[in-house]
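Welcome! Have the sequence and the 3D view ready, and let us walk through this protein together, one region at a time.

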Amino acid sequence: MITVSNVTKSYGTSILFENVNVTFNNESRYGLTGPNGAGKSTFMRILTGEDQPTNAGIIARPKKVGVLKQDQYAYNDNRIIDAVIMGNSTLWTALQERDAICAKENLSDKEINRLTELEMTIADENGYMAEFEAAEILRGIGIPEEQHENLVSSLATDYKFRVLLAQALFGEPEALLLDEPTNHLDLETIRFLEEFLVSYQGTLVVISHDRHFLNAVCTHIADIDYDTIIVYTGNYDDMVAQKVQARQQIESGNRDKQKKIAQLQEFVARFGAGQRASQVQSRKKEIERLALNDLKKSNIQRPFLRFEQEKPAGKETLEVRGLSKAFDEKKLFSDFNLEVMRGERIGIIGPNGAGKTTLLRCLIEDLASDSGTIKWGFGASWNYYPQDHSHEITAGMTALDWLMQYMKDEGEQHIRGLLGRMLFSGDDALKPTEGLSGGERARLLLARMMLQKNPILILDEPTNHLDLESVSALSQGLTSFPGNVFVVSHDRDLISAVATRIIAFTDKGPVDFRGPYEEYLQTQPKGEKKVKAKW
């Protein structure tokens, strides 16, 4: 159980949340939600003890807490399996001290007694099964056993993140605090994580922009809004329905009160100076009693995404014949063929490192293929949203100035309107580009795509830095787009809503499935659950 009492966090005059009192119970799984900038990661850091409240608020947490760390390079010099075991600091410290004592040739009585104490600690922490448990989790998140003895530095960045996730899950923690655990995970690994967390019996608090994940895992939602945190029973969709209903009830009640108050005020105005003084006073008291319920402004904002095409491409958008690409000895795809017609929306899925991004880069000729031909149809032009867009937006400019580089004859007011729809209203349009958050950079790139109006949109993991409202808006925008869409994503709701066709990277290479994601899933064998939490 984690208890939060009277916690406030503010920066200057800006309040993220105020006087928060909430209890996160055992055997319950809480999704921590709110738009970008609402304070989710800040609140999570307060729960972990990495940050402190602005006031004298109190956090009570259990002794053993699993925390998903964010520094992917912190364990580069450690073996992969050791980095996981470090998730239980008590066990790891005892193991290290025991090994240091055992390395000595002659032990004193004091050291022998200490060795006995350490063995008891290791036994209490289930240390004799530690490597087995760590290996089981690592296999579940996609790191094969033959790599477990390697250094963390040998892994790609996204797999280093998986090691940190395994570290948080290891050691039977009484509580788990996970900030965006599905980042860098493919669909198969996300399903493993869901199964693991659903069987977990401690206290879970998790931040995620993956609505499907929150719906599958959460028993409650702790939503940051109205300058506080409100806990709703159920998953994310349940919370949205309850929140909308509660607000509608207050708004409806206020409308009824306003109507009644207007009638009473009219009576007071008509008879205030007459002979009906007692009735007038009664009406005034009634007006005071009917005070409107305070309806704070919600901090939820949804951008408006509408992708248009200036001119449609030809009927046959793309023809690929015999496409092959390998890096060193690793063959990503071989003799791949693809025909795409106007209006098709293609979802590209598969494990990390399988070749999804490589395929996109070959198609747009950003990367040379080893063999094969790529022929785009008449009028084909595209916008490309890269997975790593850190260098896409020039520093030393404002958001407004950067976007105006791509206008034709629309003018500044049109660009400001577009930025406003993407939540850069007023002075936010003048934010320096180097100071933009990940979500703001993502929305600015999407604004450029809307401005340029190309008939083909190519997006590589576009949801990575977007909050749930922005992901939903992106899904609606891509679904209504009349041109072609190629999208790589691990967000199942996005793929399900957008894709009319699936390219799935499998052990045998890419498979072209002519149908939506749900139909594709029906063709796949049911996999066994790999591992469950044992506590």
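Let us begin with Leu423, which counts as buried because its relative accessibility is 18%; buried means under 20% relative accessible area, exposed over 50%, and partly exposed in between, with a 1.4 Å probe and protein chains only. Leu423 sits in the loop between α13 and α14. Here helices (H or I, at least four residues) and strands (E, at least two) are DSSP runs, numbered from the N terminus. Although Leu423 is not a glycine, its phi is positive, at about 75°.

Before going further, a word on the model. It is a predicted one, in which local features need pLDDT of at least 70 and side-chain atom pairs count only at pLDDT 80 or more, while totals for chains, interfaces and linings use all residues. Residues are numbered from 1 along each chain as its sequence is written, and side-chain values use heavy atoms, with hydrogens and water left out.

Back to phi. Most residues other than glycine have a negative phi. Glu27 also has a positive value, near 60°, and its place is the loop between β2 (14–24) and β3 (28–33). Is Glu27 buried or exposed? With 58% relative accessibility, Glu27 counts as exposed.

| Residue | Relative accessibility | Class |
|---|---|---|
| Glu27 | 58% | exposed |
| Leu423 | 18% | buried |
| Thr398 | 18% | buried |

Now look at helix α13 (residues 412–421), whose buried residues are Ile415, Leu418 and Leu419. They cover an arc of only 100° around the axis, so they lie on the same side of α13; the arc is that of the directions from the helix axis to the C-beta atoms. What do the buried residues of α13 pack against? Their partners are α12 (399–404) and α14 (438–452).

Thr398 lies in the loop between β14 (382–385) and α12. Leaving aside neighbours within four places in sequence, Thr398 is in contact (heavy atoms within 4.5 Å) with Ala429, Leu430, Lys431, Pro432 and Thr433. Thr398 and Lys431 are 33 residues apart along the chain, and their C-alpha atoms are separated by 5.3 Å.

Next, the interior. A nonpolar core is a set of buried Ala, Val, Leu, Ile, Met, Phe, Trp, Tyr and Cys residues joined through side-chain atoms within 4.5 Å. The largest one has 54 residues, and those with the most contacts inside it are Ile85 and Leu197. Helix α6 (residues 157–169) gives the most to this core, with 8 residues. A second, separate core has 45 residues, including Ala447, Met449, Met450 and Val487. Not counting residues up to four places away in sequence, Ile85 touches Leu91, Trp92, Leu95, Ala130, Glu131, Ala134 and Phe170.

Finally, step back to view the whole chain. It holds 17 helices and 18 strands, and 50% of its 535 residues count as buried. Along the principal axes, the C-alpha atoms fill a box of roughly 105 × 75 × 50 Å. Among contacts between residues at least 6 apart in sequence, 69% join residues at least 24 apart. The chain exposes about 25900 Å², with carbon and sulfur atoms supplying 47% of it; accessible areas come from the Shrake-Rupley method with a 1.4 Å probe, and for residues only the protein chains shown count as cover.
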